[in-house]
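Work through the exercises below with the sequence and the coordinates open. Each task is followed by a solution in steps.

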Number of protein chains: 2
Amino acid sequence: MTIGEIQGIESGATFESRRALYDASIHRQLQAGIVGSASAGAESIVLSGGYVDDEDYGDEMIYTGHGGRDPASKRQVANQEFARQNQALVTSCLQALPVRVVRGAEHRSPHSPETGYRYSGLYWVDRYWKAPGTDGFLVCRFRLVADPSLRGDISEDRSKNSGTPTRRVETTVLRVVRDTKLGKHVKCMYDFHCQVCGNRLECEGGPYAEAAHIRPLGRPHNGPDVLGNLLCLCPNHHVLFDNGALQINDDFSLNGGAGRLDVQRDHPVDQVHLQYHRSMWG
Amino acid sequence: MTIGEIQGIESGATFESRRALYDASIHRQLQAGIVGSASAGAESIVLSGGYVDDEDYGDEMIYTGHGGRDPASKRQVANQEFARQNQALVTSCLQALPVRVVRGAEHRSPHSPETGYRYSGLYWVDRYWKAPGTDGFLVCRFRLVADPSLRGDISEDRSKNSGTPTRRVETTVLRVVRDTKLGKHVKCMYDFHCQVCGNRLECEGGPYAEAAHIRPLGRPHNGPDVLGNLLCLCPNHHVLFDNGALQINDDFSLNGGAGRLDVQRDHPVDQVHLQYHRSMWG
């Protein structure tokens, strides 16, 4: 099992067939769209037009999980679950493992090759969730991004003091926490206390909290950056909220935790966004 | 008070004097190196050769805080504290606020202008800590980075479903958690339990933890990516550990928390790195 690049094969390399992809170790299954294991993560995916809900924006894509599909009509006939190959992509997300992406000619996208298959390089699984697919059943969805700037190494020069030689530590990015102007506002409203646990991280020189968008920013969710879509959370509850372990009911009681969300009078938390977030987890 | 860009002034703009910087609102003090307030963060800094411990690598710099210096000799004669202007830079770090950076001709660096002052654009305060300066007293230090890739907006297209128009949400990056191969190893050793609190974040589809480098990677610390320099922490304790609220003694008892660090027999936590980390907080 190889996570990451296959030596000698550059992004952009083309292949005539699934067999050729297999022989090159790029995608080591002849039929399945996802190769990987639940525990070790996903090795590679192939986009080949099998799922009507896939969205391809080039360096960013919304990929549909495996299962629940009628082989003949290719339509969804049952809900998908985070299990087996879908679980492999979840593990890739939680552990920041890169996934090889291959596009086939039958995948309807301007980024597909005209014939055969093209290796598109490494992507990160930025987020996973569930959503009703075009055919009405729940599908597992994954936002994958190819972002070379987030794949950077940390280069280290000769230290002034220790005289250690130049070397590089290979790093990947596990988590990027973004902030907005309104994010700062919601953190001040709660004086950096987590709305779930009340915890306030007291760092040297000041408190720290994170602003969480209930309905996520960016494609495909397009959540708005408004106060009604923001929460002030500690990093732990932010991770749990973004990754399906914690949802908030309309009365602010918690699915996945005891107690209630602390909500101030002048904080118009929007139940439409809470409902959207709950729907992301089936 | 203006945090961020000053309208009409591009990175690279040059100024004859401190007075000209002041009149352009780039740096609104005629003498101080740091402009800002403890609560709102730092607006701008000027590098002008005043501190012997400054290090300038262009898009990355190690900046020395204010205070404890003899005006005549420009040498440190007392310890610095995270207070006043230094505190402003800490707030900029904890709240991900951009800081305008100006280099003066007297700042010894290949990135300085030959005469006068040059505005170098916006930097982020990536990290803050204390260290013994060249003159033997503790100085406050700040790692600032200019990284346009981390300053990106999230662009949003017309949503398929909602028909909302194209718009952009301005975001900044509050926190980037990097991971390495050995980071994955230390997380598996502890089965994703935090070595400080024992907490394990149970996400949909799997657990989540973060690997923390005791002596940080990268300049100027150049900590090694080895098992003896790594801890498995929950996000909350990672933030506290990186920002001065938690240190670990040689016997694994905690400064800044009750209890002891959980350390497995086959995890050779290096006391030299623990000492280095403690020294970062005076």
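**Exercise 1. The strands around β7(A)**

In which sense do strand β6 (residues 98-104) of chain A and β7(A) pair, and over how many bridges?

Solution. Some conventions come before the steps. The model is predicted: local features need pLDDT of at least 70, side-chain atom pairs count only at pLDDT 80 or more, and totals for chains, interfaces and linings use all residues. Residues are numbered from 1 along each chain as its sequence is written, and chains are lettered from A and ligands numbered from 1 in the order in which they are written.

Step 1. Helices (H or I, at least four residues) and strands (E, at least two) are DSSP runs, numbered from the N terminus. Two strands pair if DSSP finds at least two bridges between them.

Step 2. β6(A) and β7(A) are antiparallel, with six bridges. Within this pairing, Gly104(A) has Tyr117(A) as its bridge partner.

Step 3. β7(A), residues 117-132, also runs antiparallel to β1(A), residues 14-15, through two bridges. Here Thr14(A) is opposite Arg118(A).

Step 4. A further antiparallel pairing, of eight bridges, links β7(A) to β8(A), residues 138-145. Trp124(A) is bridged to Val145(A) of β8(A). The hairpin of β7(A) and β8(A) has five residues between the strands, and Gly136(A) takes a positive phi near 95° there.

**Exercise 2. The two sides of a helix**

Identify the buried and the exposed residues of α3(A), and state what covers the buried ones.

Solution. Step 1. A residue is buried if 20 or more other C-beta atoms lie within 10 Å of its own, exposed if 12 or fewer, and partly exposed in between, with C-beta atoms placed from the backbone.

Step 1. In α3(A), residues 181-189, the buried residues are Gly183(A), Val186(A) and Lys187(A). They fall within an arc of 100° seen down the helix axis, so they line one face of α3(A). The arc is taken over the directions from the helix axis to the C-beta atoms. An α-helix has 3.6 residues a turn, so residues three or four places apart point the same way.

Step 2. Lys181(A) and Cys188(A), on the other side of α3(A), are exposed.

Step 3. The cover over the buried residues of α3(A) includes β11 (172-179), β14 (210-213) and β15 (230-233) of chain A. Contact means that the C-beta atoms of two residues, placed from the backbone, lie within 7 Å.

Step 4. Just after α3(A), Asp191(A) has a positive phi of about 50°.

**Exercise 3. How chain A meets chain B**

Describe the side of chain A that touches chain B, then the relation between the two copies.

Solution. Step 1. The contacts involve 50 residues of chain A and 50 residues of chain B. On the chain A side, β11(A) supplies the largest share, eight residues. The residues of that side divide into 20 nonpolar, 17 polar and 13 charged. For this count, Ala, Val, Leu, Ile, Met, Phe, Trp, Tyr, Cys and Pro are nonpolar, Asp, Glu, Lys and Arg are charged, and the others, Gly among them, are polar.

Step 1. β11(A) pairs with β11(B), residues 172-179, in the antiparallel sense over seven bridges. Thr172(A) is opposite Asp179(B) in this pairing.

Step 2. The C-alpha of Val176(A) is the nearest to the axis in chain A, at 2.3 Å. The superposition is by least squares on the C-alpha atoms of residues with pLDDT of at least 70 in both copies.

Step 3. Of the interface residues of chain A, 100% are also interface residues in chain B, so the copies meet through the same surface.

**Exercise 4. An enclosed strand**

Which strands pair with β3(B), and is β3(B) largely enclosed or open?

Solution. Step 1. β2(B), residues 34-37, is joined to β3(B) by four bridges and runs antiparallel to it. Val35(B) is opposite Ser44(B), and the hairpin between β2(B) and β3(B) passes through three residues.

Step 1. β3(B) pairs with β6(B), residues 98-104, in the parallel sense over four bridges. Ile45(B) has Val101(B) as its bridge partner.

Step 2. Seven of the seven residues of β3(B), residues 41-47, are buried, so the strand is largely enclosed by the rest of the structure.
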